[in-house]
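Here is a brief report on one protein chain. It moves from the overall picture to single residues and their partners.

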Amino acid sequence: YTAGRKLGQGNGFPVLITPPYEYASSDGLIGQSATQSLVDTNTGEVIGQAVVDLSPESILKVMFPTVFPLADTISRVLILTTPDELGHNTIVAPGVEFGTTGVIEDFVLPHDTCDPDLEDTNETDAACTRKANFSATVGLMSAGSLGWTSFNRSRGRGNDNSDLEHVFFSYAPVSTKSYRPIDPSDFASGVRPRQSVVMSVGLLHTEDDIRKGKDSHHYQTSYNYIAVIIFVAFVVVLVVAWSISMSIVIPVVELVGFLKLLNHNGITEEIPEIEGGSLEVSRVQQTIEHLVKLVRFANTAFYSGDLLKAYGTLKDARKLFTKLENKKAIGIVDNNLGNLMLTLYRIVRKTGVSKLCDMSKMMIVRRGCKYFNNAIDLGEEALARINDEVGFSANYLIFMQQLSNRFFNRGLFLLTVRGDHPNPEEAERQGWMDLSTCKAMDREVIDNGDREGFEGERDIYFEVLLTRIKGILSLLKLGYEDEWGIEELFDEARAELKAALREPGHTLFTDMDPAGQMQRLDETLIDYYLHYDEAGEDRGFQNINVSMRGSLIIANGAQLEKAAAIGIRMLVEDDFVIADSGLLALKALIEFVKANQDASDGEQDFGGVDVSDLSSTLFRYRQQVAEALSLSLPVGDLVSQEMFRMSNFGDFSMEFF
């Protein structure tokens, strides 16, 4: 355990192979074990070891072959390059049974006793010198050297130092490729291969036996045998290392793949089960599952209008991510918390309640500023790191789009809460600066990356445009000037929708057909015209293609007429209508009929239909749609219903894993 722990804390070969020993739970069964340390990547602390037991049969077959037998006078040596805590490194040695372990010097030079207590000091000194010389050779073997040497050793037939025999000894390393993580705290950083020596094999032959000239063919056989031993030992070590590594690597690879899908919002069903792996991998998976479920639950609670649950869950997730020091996840949670603060502020302003989620209006403003500031700081840090690591790439553009969304969210928040901000002028200045930064980053993603940032997710750009339109429109309703240029956003959204219609199977229409996506865009356009009709301004476009099917409305009439024309298009042409879009379209038609009725004293002709009957029919139809839509709203007071409406307003960007 101790030797394995030291290996785990070092940078060498991570697998420790033990000398042979008798298994405690068997009847005299001799074998070996291979261990690999499990290390806490945050602290570097070894917290356990994985162990695989090895059968000695393959080693014995190689060391004592029957197909290519060696001369009986040639002794075999096989040692480990990493000894155990007692210094034992012997697997196979001359003159001893397999399973007898110890220091290889004691087996190769068995009669050279290095004991200072012996009476013959000269003999002891000579024996110690011979063992020290051979220990230097063992050091070369442990270092992975290939070579040969010769030395003298005592024959053991007396105490005379002249009774020595000359021995020739050749040795070669047994090495294998291992893999070390580039950054143990980040699975996605990959591994770095390195060649590691785990054993060393040697052949020992005395000069006397060589001079006898017996079985000279064995010399060539010896060389062949060395090659066979090296190859087979390499295979054995490789299989052991592979079995241990794969038991950990495969689950880690699956975990990395899951994280990549997670970061691109590709996991829409249950989180896949990852089999095998170490306890640490299982704990990482369980932690990620827990955190993902927390964030998913928080977003689900948010969109269902349960803001109290969403707030509590996001706070819990933030605590866990902070303990894990996962800055990317903290940024995602802080962005979503900032959006939640914006939603709470709007509800407080509209309903007049003094507190929501145990927070006053001023506390909501302060916390929203804090969450958004931290989300943007972490986003800028991540973008700079990606730039340093891979430069301008598709991954860089994805991070830039995420950061752009956060700037838009904060700008929208600051301009919305300006009146209750501790420094209103600074809030307005920073808000417009954030929107300007967002606009520039949106353009850079599109122009410089040729939409690389949306590769495989081409529906994202249309969603971004709709979010921007709704956000700018909400600011216009608060009395701000259009410093962004909302007409450009409408033009780009229509162009994006037209391009998608020309491409069969476009991902924009995976969850909603073309008519539904057109209704979403038409809804924002109706809302835009109705706003400026109430303001008494003419804010039309020249040559607007409303239905994208050939129906043109020339922008030289009243805003109300344009809104009504767009509304009647979806009510007449489309088989199904989104409830919210249909309500807004009916509102435009009702106001248009009323305005024309008032202007003409009830004499306006609508195809021979009585104006009063027409107004009553539109009102009844709108009431039916509103009642059907109300079934999806939470049953409760006005605040609960406003929570649901404001959570689905759609003018800011929530982030997902």
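## Confidence and overall make-up

The mean pLDDT of the protein chain is 79, and 76% of its residues reach 70 or more. pLDDT is the predictor's confidence in each residue, from 0 to 100. This is a predicted model, in which local features need pLDDT of at least 70, side-chain atom pairs count only at pLDDT 80 or more, and totals for chains, interfaces and linings use all residues. Residues are numbered from 1 along each chain as its sequence is written, and side-chain values use heavy atoms, with hydrogens and water left out.

Some stretches call for caution. Over residues 263-268, pLDDT stays under 50. Contact means heavy atoms within 4.5 Å. Residues 540-557 also have pLDDT below 50. That stretch has 49 contacts in the model beyond near neighbours in sequence.

The protein chain holds 19 helices and 13 strands. Both are DSSP runs numbered from the N terminus: helices are H or I with at least four residues, strands are E with at least two. Of the 657 residues in the protein chain, 45% are buried. Buried means under 20% relative accessible area, exposed means over 50%, and partly exposed lies in between (1.4 Å probe, protein chains only). Take the contacts in the protein chain with a separation of 6 or more: residues 24 or more positions apart account for 63% of them.

The accessible surface of the protein chain comes to about 32,900 Å². Carbon and sulfur atoms own 52% of that surface. Areas come from the Shrake-Rupley method with a 1.4 Å probe; for residues, only the protein chains shown count as cover.

## Salt bridges

A search of the whole structure finds 26 salt bridges. A salt bridge is a side-chain nitrogen of Lys or Arg within 4 Å of a carboxyl oxygen of Asp or Glu. The table gives some of them.

| Pair | N to O distance |
|---|---|
| Arg130 and Asp112 | 2.4 Å |
| Asp434 and Arg410 | 2.6 Å |
| Asp306 and Lys309 | 3.9 Å |

Start with the side chains of Arg130 and Asp112, which meet in a salt bridge. This pair links distant parts of the chain, 18 residues apart. Arg130 is in helix 4 (residues 121-142), while Asp112 is in the loop between helix 3 (104-108) and helix 4. Both Arg130 and Asp112 are buried.

Asp306 and Lys309 form another salt bridge. Asp306 is partly exposed, at 29% relative accessibility. Lys309 is partly exposed too, with a relative accessible area of 47%.

Next comes the salt bridge between Asp434 and Arg410. Asp434 lies in helix 12 (residues 424-449) and Arg410 in helix 11 (residues 394-416), so the pair ties together parts that are 24 residues apart in sequence. Asp434 counts as buried, at 1% relative accessibility. Arg410 is buried as well, with a relative accessible area of 11%.

## Buried sites in helices

Is Asp334 buried or exposed? Asp334 is buried, with a relative accessible area of 0%. Its place is in helix 9 (residues 327-351). Leaving aside neighbours within four places in sequence, Asp334 is in contact with Arg318, Tyr371, Asn374 and Ala375.

Helix 19 (residues 638-647) has buried residues at Val639, Glu642, Met643, Met646 and Ser647. These residues are on the same side of helix 19, because they cover an arc of only 125° around the axis. The arc is that of the directions from the helix axis to the C-beta atoms.

## A loop with positive phi

Cys357 is found in the loop between strand 10 (355-356) and strand 11 (359-360). Its phi is near 55°, a positive value in a residue other than glycine. Asp358 is in the loop between strand 10 and strand 11. Phi of Asp358 is near 60°, also positive in a residue other than glycine. Cys357 counts as buried at 15% relative accessibility, whereas Asp358 counts as exposed at 69%.

## A nonpolar surface patch

Which residues form a nonpolar patch on the surface? They are Phe231, Val235 and Val239, with about 270 Å² of accessible area together. Patches are made of residues with over 30% relative accessible area and no salt bridge; like charges are joined within 9 Å, nonpolar side chains (Val, Leu, Ile, Met, Phe, Trp, Tyr) within 5 Å. Val235 has its place in helix 6 (residues 217-263). Val235 is partly exposed, with a relative accessible area of 34%.
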